[in-house]
Amino acid sequence: NKQSIQSTMTDNLQLLYHKALASQETNDDQQALSYYTQALNQVQSVHDTTSDIDQLQYRIFINICDIYIRQYNIAMANTYIAKALQIVHKLQEQDRMAECLDRRGNIKRLQGDYDGALHNYSKSIEIKLKIDSSEGLDISNSYSNLGHIYDTQGNYDDAVCVFEKSLKIQLSLLGDNHPGIAITYSNMGSIYVNQGKYDGAVSMFEKSLKINLSVFGNNHPYIAATYSNMGTVFDHQGKYDDAFSILQKSLRIDLSILGDNHPSVAATYNKMGLIYDHQGKHDDAVYMFEKSLKIQLSVLGDNHPDIASTYSHMGNTYYHQGKHDDAVSMYEKSLKINLSVFGDNSPDIANTYSNIGLVYDHQGKYADAVSMYEKSLKIQLSILGNNHPGTATTYVNMGLVYSHQGKYDDAVSMFEKSLKINLLVLGENHPNIATTYSNIGLAYDGQGKYDDALSILEKSLKIKLSTLGDNHPNIANTYSNIGLVYSHQGKYDDAACMYEKSLKINLSALGDNHTHTAITYNNIGSVYGHQGKYDDAIRMLEKSLKIDLSVFGDNHPNIAMAYNNIASIYDHQGKYDDAVSMYQKSLKISLTVFGDNHPTIATTYSNMGKVYSHQGKYDDAIFFYERAATILIDTHLQNHPSLIQIYDSIATTYDKQSRHNNANAMRQRSNDIHLSLQQVDIINQLSASTIDKPQDQQIQSRQISNPVNNSDDNDNSSDTQQSHDQALKQKQYFNAYVQALQHGSCNNKVIRA
């Protein structure tokens with residue numbers, strides 16, 4: 001009779017278990033938990049359970065744990081894996097212990113404890129192989145688990161290796177149209193994305209999608225995940241409309257199945273935010289990141305790598321908006337979490353160092369910026385190797401720092417290293433290749449190699465037109481940069497034509513209150529200033545100022561630049577008091593933002609010196625020139641072309657005071673810098689034949705050009721006098737700005753995108 005009762009109970013339990021399992025397999029977690037709970041309540045009424053009931057109870061605990069893992073409910077997952085382990089210890093079954101270790105590894109992975117997860121997965125494989133040396137699906141699953149951890153840690157080759165082991169087992173046991181195969185293809189695709197192998201990634205995701213659609217139909221989390229992964233690849237490839245469209249498909253599925261407070265939904269919001277950021281829609285990007293962060297903090301707590309990633313994304317967007325304090329705050333939050341989770345040698349740490357370096361660069365803290373990029377590069381080379389897009393990005397960022405320091409040969413070298421990597425990874429018709437060409441072109445512009453600059457900027461434009469169409473903000477940016485080169489050549493009509501093309505696109509694509517529109521108005525105003533159309537120049541510069549004030553407020557570097565440029569026009573018009581007033585406004589902002597020892601401050605001091613010189617206040621002029629020179633020397637720019645102009649201006653002012661000996665001493669300092677630059681250029685030319693043509697990549701920030709750009713060029717003569725004469729002739733390379741500086745600097749703005 002007792003056996004009959006137990007048999008009936010076992011049958012009832014089995015019925016409830018299979019109902020729960022069916023609900024779980026259709027992602028009806030609530031119904032599954034209801035059936036499992038009913039079954040467990042029946043088990044609790046039995047005083048002496050049989051082995052069969054213990055086994056069934058174990059399976060229920062494991063399945064409930066899996067549900068809570070999928071829901072990111074770590075506390076409940078831990079509760080039920082602990083219950084399962086109690087039964088395992090009672091039964092003394094090693095295969096069950098391996099299953100529990102897999103779940104423990106999954107929980108630790110969700111918690112960001114990757115070393116703990118790796119330990120649990122490895123012990124699980126060890127137990128399984130001791131039980132049965134032939135490799136079954138359990139072993140395949142454990143290999144996949146290891147692959148996820150290796151991928152997260154940046155050990156991509158190890159990840160691919162174990163996923164290939166898993167795939168081989170699955171294909172032999174399941175055939176080629178099983179959901180498990182689809183998952184492995186998707187996992188391998190994600191690794192290829194991390195490695196920058198986008199064609200391989202698309203191939204894997206398409207294989208996964210084909211299987212999942214045939215098995216599950218159109219409304220399953222696996223379909224959503226595959227759409228999301230494909231969106232990431234399209235984003236990397238610059239196919240933003242395709243990316244956003246497919247991410248919306250993913251989001252609709254996740255919201256319908258998982259609800260609005262699940263990490264998968266947060267991840268999709270993050271990806272949408274990145275696309276908005278890449279498109280320059282920064283407010284929309286921040287909105288998406290904040291939606292993602294709210295979900296993540298409620299589900300994952302405040303010390304999870306996904307939280308760090310979202311903080312980093314928000315920092316990038318704030319940087320693009322010019323909100324540098326907010327950007328640094330976000331990056332530091334991200335760094336703190338990542339260091340606690342990963343230690344100091346992970347791709348995430350490298351990315352955060354790069355982001356902080358970007359801010360330091362913009363603040364004029366060039367040595368600090370290079371230090372951060374070198375930290376980043378060291379990690380990337382050790383983990384990613386020297387052919388990864390992340391490494392390429394770091395080379396480009398270092399190149400930008402060198403450009404800002406006037407070290408254009410070093411800048412070009414970095415840009416070319418980046419270009420070499422990206423051509424290998426992305427091919428020659430990708431927006432990142434175009435951006436690298438733009439960076440090289442702007443470096444040539446800085447050297448005064450205007451024809452070379454125009455040639456390579458045209459290459460950039462051709463790629464962008466073919467990949468982005470003719471009405472994309474990046475096309476406008478390239479027109480602006482071509483206009484910048486024409487302006488430096490003194491070809492102001494050609495420059496104005498390019499700026500008008502840029503303005504037309506920006507107004508159409510971005511509207512009349514966007515920072516890039518403001519930049520274009522500024523650049524048109526600069527050209528009018530060079531042409532002597534001062535009223536038109538003021539009108540354009542004031543339009544630019546109005547936009548920047550509405551976007552950035554009244555204490556931003558762009559506002560300081562706008563006041564600087566208006567001041568230069570007043571100086572040209574002989575309105576010296578108005579000019580000084582504007583320069584003082586500019587100076588007040590710059591001192592607040594950059595401190596008192598930044599090259600931007602030096603530029604303003606130099607410009608104020610010129611106004612005082614025009615007023616005949618020569619002592620005041622020399623005072624401000626010398627303050628400018630001191631800043632450049634203190635910031636390690638003692639051989640920068642800008643210092644040449646300052647020394648020449650001081651010399652001119654001394655001549656006006658009939659202090660000719662002092663004037664000659666200043667000219668000698670100017671000529672010494674010319675010679676130094678000439679010698680460096682000769683050395684670089686002699687060594688160039690032994691160096692492979694390197695190449696490089698992308699950058700996100702818009703940059704503001706320095707008022708003076710130059711370097712010397714091409715004379716290999718060993719004759720000192722000939723080198724001296726050649727050095728003096730190099731002034732032609734920055735003649736446009738020489739003229740501008742004689743009457744105050746009206747700066748064009750460069751957009752590197």
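When I speak of a helix here, I mean a DSSP run of H or I with at least four residues, numbered from the N terminus, and in that sense Asp-277 is found in helix α13, residues 263-278. What we are looking at is a predicted model, so please hear everything that follows as a description of that model.

Let me stay with Asp-277 for a moment. Buried means under 20% relative accessible area, and Asp-277, at 7%, is therefore buried. If we leave aside its neighbours within four places in sequence, Asp-277 is in contact with His-282, Ala-285, Asn-316, Thr-317 and His-320.

I turn next to helix α21, residues 431-447, whose 17 residues reach 25 Å from the first C-alpha to the last, close to the 24 Å expected at 1.5 Å a residue. How many of the residues of α21 are buried? The count is 17 of the 17, so α21 is largely enclosed by the rest of the structure. Just after α21 comes Gly-448, which takes a positive phi of about 85 degrees.

One partner of α21 is helix α23, residues 473-489, and the two pack at an angle of about 15 degrees with their axes 10 Å apart, which means that α21 runs roughly parallel to α23. The crossing is left-handed, and the contact is made by Ser-438, Leu-442 and Asp-445 of α21 together with Thr-478, Asn-481, Leu-484, Val-485 and His-488 of α23. By class, that contact divides into three nonpolar residues, four polar and one charged.

Now to another pair, α7 (residues 137-153) and α8 (residues 156-174), which pack at an angle of about 160 degrees with their axes 8 Å apart, so that α7 is roughly antiparallel to α8. This crossing, too, is left-handed, and the contact of α7 with α8 has 12 nonpolar, six polar and three charged residues. Among the residues that meet there are Leu-137, Tyr-143 and Leu-146 in α7, and Val-162, Phe-163 and Ile-169 in α8.

Finally, helix α18, residues 366-383, has 18 residues and reaches 26 Å between its first and last C-alpha, close to the 26 Å expected at 1.5 Å a residue. Its buried residues include Tyr-366, Ala-369, Val-370, Tyr-373, Leu-377 and Gln-380. In general, an α-helix has 3.6 residues a turn, so residues three or four places apart point the same way. What covers the buried residues of α18? The cover includes α17 (347-362), α19 (389-404) and α29 (599-614). Just after α18, Gly-385 takes a positive phi of about 85 degrees.

Methods: Residues are numbered from 1 along each chain as its sequence is written. This is a predicted model: local features need pLDDT of at least 70, side-chain atom pairs count only at pLDDT 80 or more; totals for chains, interfaces and linings use all residues. Side-chain values use heavy atoms; hydrogens and water are left out. The expected span of a helix is 1.5 Å times one less than its number of residues. Buried means under 20% relative accessible area, exposed over 50%, partly exposed in between (1.4 Å probe, protein chains only). Contact means heavy atoms within 4.5 Å. Axes are lines fitted to C-alpha atoms, for helices over the stretch in contact, and angles run from 0 to 180 degrees between N-to-C directions. Angles under 35 degrees count as roughly parallel, over 145 as roughly antiparallel, 65 to 115 as roughly perpendicular and the rest as oblique. A crossing is left-handed if the near helix is turned anticlockwise from the far one by less than a right angle, and right-handed if clockwise. Ala, Val, Leu, Ile, Met, Phe, Trp, Tyr, Cys and Pro count as nonpolar, Asp, Glu, Lys and Arg as charged, and the others, Gly among them, as polar.
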